[in-house]
Amino acid sequence: MEFAYLWLEQMLEVRTTWPWTLMFGFLMPLAMVFGLSRIGTAPAGPENMLFITSGAAVFALATEGIATLAQRIGHLKSQGQMLYYASLPIGKASFVAALVCARLVLVAPGLLTPVLAAKYLFGADVVLSPVLLLVLPLAALALAALGLTIGSLIDDVELTVVVTNLLVFVLLLASPVLMPPESLPAPLRLIGVLLPPTYAADGLRLSLAGDLGTDLLVDLLVLTAMAAAGLAAAARWLRWRTA
């Protein structure tokens, strides 16, 4: 029951900004699919469209799940609002889960828009498999857990903003999210193996391609493990007091 109350409270916190968040989640992935698919002399081929579509979805996830959530935690701590939650009869696990689940609702358009746009607006040969209903929430949860962990570890809000914005662009431009792993140097491929966006993007690509084999199962298991580890770490390291 405490989770339900906390989730409603977090949704009320964004009641004045949610239209802008949803608009960003709709327009930004749509623009990415359109723009990236036409860079060069001809529209992107089927394989490239899979990378563009999955990359646009992961970019929306990273922006809302990593950057926005980490910065939200930073603001709560800087304004002393964590003391308010400390005074309530709630556990850190419920508080962490409510924060993450509230953000999952807002990020949904950013997940679905690039997939639907690629198929119906740009004619990409993507498969709308029921497995996406498992891949998308797990990917969102894993990235949100990473953002929550960053916000729990860093107390300075300005530093949190710098770190998360830098991390989002590094994850997308220097990891196998928008490009094949073989196009990256070995050190970047190794770093990508350690980060959830790599598995989120790969899981989305395999699902959209209709490849429901062992590789997809591995992606799902890794995302589940990373999400669980991130939530556990955030619940452990999140402090009600900053001093």
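Which helix does Asp219 lie in?

1. Asp219 belongs to helix H10, residues 214–237; helices here are DSSP runs of H or I, at least four residues long, numbered from the N terminus. Residues are numbered from 1 along each chain as its sequence is written. A word on the source: this is a predicted model, where local features need pLDDT of at least 70, side-chain atom pairs count only at pLDDT 80 or more, and totals for chains, interfaces and linings use all residues, while side-chain values use heavy atoms, leaving out hydrogens and water.

2. Asp219 is buried yet has no salt bridge. Buried means under 20% relative accessible area, exposed over 50%, and partly exposed in between, with a 1.4 Å probe and protein chains only. A salt bridge needs a side-chain nitrogen of Lys or Arg within 4 Å of a carboxyl oxygen of Asp or Glu. For Asp219, the nearest side chain of opposite charge is Arg205, 7.3 Å away (Lys and Arg count as positive, Asp and Glu as negative; His and the chain ends are not counted).

3. Now have a look at H9. Because 12 of the 14 residues are buried, H9 is largely enclosed by the rest of the structure. Among these buried residues are Tyr199, Gly203, Arg205 and Leu206.

4. Just after H9 comes Gly210, with a positive phi of about 80°.

5. Lastly, Leu112 lies in helix H5, residues 92–121, and is partly exposed, at 46% relative accessible area.

Terms used:
Helices (H or I, at least four residues) and strands (E, at least two) are DSSP runs, numbered from the N terminus.
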